[in-house]
Amino acid sequence: MASLILTIDGQPLRTVRLLEGETLIGRDLDCNLVLELPAVSKHHAVIICRGDAAAVLRDLESTNGTLVNGKAVSVTPLTLGDIVKIADIEMQYVPRVLPEAEDLPQPPPAELVEDDAATQPAALQSLGRATQRIGGPAGASWVGDAVAFTIAARGRDVQAFISADALLAHFDVLVYGADGAMRAVQGYEENHVAINVVAWKIFDETGREPIRIRNSDFEA
């Protein structure tokens, strides 16, 4: 897991441990990390952590934006030492749990929809028994302009992304529209063997993390 070191005007505020899954940051009290400043949107940004894979930050179309190392971002992976700035608060990303890091409140469990058979406890339990997921232990997920997944390489899970443009150009997956995120993940899952082969090739040739798959990576 990972930590954030929060400062304002160079003065330390607190050090927090990021949650497994999503850590919601914003001004609203339902956020995991609450920043009580007027320039912070109610739901400003989210940081997604999946085990030991690289964390991904996504700006939630906030009013004043999110900076990483001084540049405005929409979606970006985080690496050691990156500085996330929201309003006047700077947050240094550290990809490990620091001893002084405090635990953030966990999000409430999702409620079951009683009249939908697919969401009943028995169905959820059967899904939980799956021993392998397409896209790595946490499965594949849509992170704003790409599908995030992991591949097993050099004895560990390595974070990878395939861009929306590459999915459209090479697999006819249209990721835009109300259900675009679902189509993007489904497109990856249906073509994951070919996509993973490209990811392994890029990693073997460059050793760079996270792996980013673009249109040109499919060219002969």
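Below are some questions and answers about this predicted model.

Q: How many helices and strands are there in the protein?
A: Let's start with the overall inventory. The protein has 220 residues, and buried ones make up 40% of them. Its secondary structure comes to 16 strands and four helices.

Q: Of the contacts between residues at least 6 apart in sequence, what percentage join residues at least 24 apart?
A: This one is about how far along the chain the contacts reach. Take the contacts in the protein between residues at least 6 apart in sequence; the share that joins residues at least 24 apart is 44%.

Q: Which strands are the edge strands of the open sheet of four?
A: The four strands of this open sheet run in the order β13-β14-β15-β16, with mixed pairing. An edge strand here pairs on one side only, and that picks out β13 (141-142) and β16 (211-213).

Q: Which residue is the bridge partner of Trp 142 in β14?
A: β13 and β14 (residues 146-153) are antiparallel partners, joined over two bridges. They form a hairpin with three residues between the strands, where Gly 144 has a positive phi near 110°. Across from Trp 142, the bridge partner in β14 is Val 147.

Q: Over how many bridges do β14 and β15 pair?
A: These two strands also make a hairpin, this time with two residues between them, and Arg 154 in the turn takes a positive phi of about 55°. Ala 152 stands opposite Asp 157 in β15. The pairing is antiparallel, and the number of bridges is eight.

Q: Is β14 largely enclosed or exposed?
A: To count as buried, a residue needs under 20% relative accessible area. Seven of the eight residues of β14 are buried, so the rest of the structure leaves this strand largely enclosed.

Q: What angle does the direction of helix α4 make with that of β14?
A: Helix α4 (residues 192-206) packs on the four-stranded sheet. The strands touched by α4 are β14, β15 (156-163) and β16. Compared with the direction of β14, the direction of α4 makes an angle of about 65°.

Q: Which element gives the most residues to the largest nonpolar core?
A: The largest nonpolar core has 25 residues, and those with the most contacts inside it include Val 147, Phe 149 and Ile 213. At least two residues each come from β14, β15, α2 (164-171), α3 (180-190), α4 and β16. With five residues, the element that gives the most is α4.

Q: How many residues are in the other core, the one that includes Leu 19?
A: Ile 213, from the largest core, touches Phe 149, Ile 195 and Phe 218, among others. The other core lies apart from that one, and Leu 33, Val 40 and Ile 47 are among its members. Its residue count is 23.

Q: Are α3 and α4 roughly parallel or roughly perpendicular to each other?
A: Two packed helices are described by the angle and the distance between their axes. For α3 and α4, the axes come within 5 Å and cross at roughly 80°. Angles of 65 to 115 degrees fall in one class, and therefore α3 and α4 are roughly perpendicular.

Q: Which residues of α4 make the contact with α3?
A: The residues of this contact divide into two nonpolar, two polar and two charged. On the α3 side, they are Tyr 188, Glu 189 and Glu 190. On the α4 side, they are His 192, Ile 195 and Asn 196.

Q: Which residue in β6 does Ile 47 stand opposite?
A: Now for the open sheet of five strands, ordered β4-β3-β5-β6-β9 with mixed pairing. Its edge strands are β4 (33-34) and β9 (75-78). Strands β5 (residues 45-49) and β6 (residues 55-59) pair in the antiparallel sense over four bridges. Opposite Ile 47 stands Leu 57.

Q: What is the relative accessible area of Leu 168?
A: Leu 168 has its place in helix α2. Leaving aside neighbours within four places in sequence, Leu 168 is in contact with Val 173 and Leu 174. Leu 168 counts as partly exposed, with a relative accessible area of 35%.

Technical notes. Residues are numbered from 1 along each chain as its sequence is written. This is a predicted model: local features need pLDDT of at least 70, side-chain atom pairs count only at pLDDT 80 or more; totals for chains, interfaces and linings use all residues. Side-chain values use heavy atoms; hydrogens and water are left out. Two strands pair if DSSP finds at least two bridges between them. Contact means heavy atoms within 4.5 Å. Axes are lines fitted to C-alpha atoms, for helices over the stretch in contact, and angles run from 0 to 180 degrees between N-to-C directions. A nonpolar core is a set of buried Ala, Val, Leu, Ile, Met, Phe, Trp, Tyr and Cys residues joined through side-chain atoms within 4.5 Å. Buried means under 20% relative accessible area, exposed over 50%, partly exposed in between (1.4 Å probe, protein chains only). Angles under 35 degrees count as roughly parallel, over 145 as roughly antiparallel, 65 to 115 as roughly perpendicular and the rest as oblique. Ala, Val, Leu, Ile, Met, Phe, Trp, Tyr, Cys and Pro count as nonpolar, Asp, Glu, Lys and Arg as charged, and the others, Gly among them, as polar.
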